[in-house]
Amino acid sequence: MVLAWASWDWGSASFNAVMTTFVFTVYLTSKSFGGEDHASGVLSAGFAVAGFAIALLAPVTGQRADNGGRRKLWLGVYSGIVVLLMALCFFVRPEPGYLLFGVILISVGHVFFELAGVNYNAMLTQISTPATIGRVSGFGWAAGYLGGIVALLLVLQLFVQPAFEWFGASTDDALNIRLVALFSAVWFGLFALPVFFRVPEPPKLDAGERIGFFQSYVLLIRRIKALYRKAPHTIYFLLASAVFRDGLAAVFTFGGVIAAGTFGFQLKDVIFFAVFGNVVAAVGAVLGGFLDDRIGPKRVIELSLVGLLIAGTAILVLGNGEYSFFGMAWHGALTFWVFGLLLCLFVGPAQASARAFLGRLAPDGEVGELFGLYATTGRAVSFLAPMLFSICIAVASQLVPAGQAQRWGILGIMVVLLAGLLVLLPVKAPASSAPRAGA
């Protein structure tokens, strides 16, 4: 059952790694769509609207899936919509007139992907025990990273830098990149299937009168107040995790940008780094999962955040310069490979343990709702790292030579990670099992 559950993580990597991080959004923000600056602005606006929709919908959809015992059903519906939207990206031609269409597809896909993730994460307590929840969560994250590796390698060998001649390798009208969208849709659809056959629906808990959609928000507010009275540290953790998870997301979001802009990586080099980075992150997630079940998720997250701060500081300080250590030449590309991979190593366990932390806190019958709040709080502050990244670059551009300002954006990401660590420190670590409480 754990393998079937983790298969969804494996398949979903085609949306995260291929469509929104390393390939399709790079295509959408290229010169073909009216210039990088204009296209990037439209894309970021689309993501901002999507973030607002997720924050508004996630907790209520999770709550209703909990009450109705239809968690797996809605996971299937939302996943199917994401697959359809990815497939429609095939029709986004490399012309400025198609930019808005592509941004809408990706942004709406983000909304339904996050709603699917609420139900998927809530299944964690169904397929694990209090003694294994950390390693199961880590295994799921590792499956996602490894799925991203395989998907990216196939995309590289079949479409971006084809190993053999075939019609899908044609760059005419960006056919190769548009076919990547179809490949990603098929990948996600196929590997999402096992969870629907192996993981059962939770029991239906809502035995009373069914309430309307808007009434669900009234119930949500009442439950948040009750949760704060009974378990305030759950609310504190949601706030702390929202901050440091924004920093974790920024590591991957801006990693490729910094690799290309500051360290001179070509697209194929960025994809190669992404592959190795996912391998390292997967190893980190697995190791972090085992540590989680032994020393607790809070310590794993704290150690990971400290490791991220050290590695990020090294990249910021060393930059793309050339140095000599004990007679050995050290250049900028090596700096990014070494400390960039260290960043990936610590991202994995931080992400996995954050999910396990919340799983330990979730009362019976409120798991989906709590993971909905997890998604909502994350989206509520998702502007922090991008905003500070931009501000740091803008300030640095006035103080450093041209072409050297971008790496100072790393400082903005580290500020977010440090803030998340400081907010997390006073949060009480969860017990070995989740509390048992009603609505």
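**Reading rings and helices in a predicted model**

Guide: Tyrosine 27 has a relative accessible area of 9%, so this residue is buried. Keep in mind that the model is predicted.

Visitor: Why does 9% make tyrosine 27 buried?

Guide: Because buried means under 20% relative accessible area, and tyrosine 27 is at 9%.

Visitor: What kind of aromatic pair do tyrosine 27 and phenylalanine 33 form?

Guide: An edge-to-face pair. The ring centres are 5.0 Å apart, with 90° between the planes. Planes over 60 degrees apart count as edge-to-face, so 90° gives that label. Phenylalanine 33 is also buried, at 1% relative accessibility.

Visitor: How is the pair of tyrosine 78 and phenylalanine 112 arranged?

Guide: That pair is tilted, with 6.0 Å from centre to centre and 40° between the planes. Tyrosine 78 belongs to helix α4 (residues 71-88) and phenylalanine 112 to helix α5 (residues 99-122). The two residues are 34 residues apart, and their pair links distant parts of the chain.

Visitor: Which residue lies over the face of phenylalanine 90?

Guide: Arginine 178 does, at 4.5 Å from the ring centre.

Visitor: Now the helices. What describes two packed helices?

Guide: The angle between their axes and the distance between the axes. Here, take helix α12 (residues 297-318) and helix α13 (residues 332-361): the angle is about 155° and the axes are 8 Å apart. That angle makes α12 roughly antiparallel to α13, because angles over 145 degrees count as roughly antiparallel. The crossing of the two helices, α12 and α13, is left-handed.

Visitor: Which classes of residue make up the contact of α12 with α13?

Guide: The contact has 18 nonpolar, six polar and two charged residues.

Visitor: How far apart are valine 218 and valine 60, in sequence and in space?

Guide: They are 158 residues apart in sequence, and their C-alpha atoms are 9.9 Å apart in space. Valine 218 is part of helix α9 (residues 215-230). With a relative accessible area of 53%, valine 218 is exposed, because exposed means over 50%.

Definitions and conventions
Residues numbered from 1 in each chain as written. Predicted model: local features only at pLDDT ≥ 70, side-chain atom pairs only at ≥ 80, totals over all residues. Heavy atoms only, no water. Axes fitted to C-alpha atoms, helices over the stretch in contact; angles between N-to-C directions. Helix = DSSP H or I, 4+ residues; strand = E, 2+ residues; numbered from the N terminus. Parallel < 35°, antiparallel > 145°, perpendicular 65-115°, else oblique. Left-handed = near helix turned anticlockwise from the far one by under 90°. Nonpolar A, V, L, I, M, F, W, Y, C, P; charged D, E, K, R; others polar. Phe/Tyr/Trp six-rings, centres within 6.5 Å; stacked < 30°, edge-to-face > 60°. Buried < 20%, exposed > 50% of the residue type's maximum accessible area, 1.4 Å probe, protein only. Lys NZ or Arg CZ within 6 Å of the ring centre and 35° of its normal.
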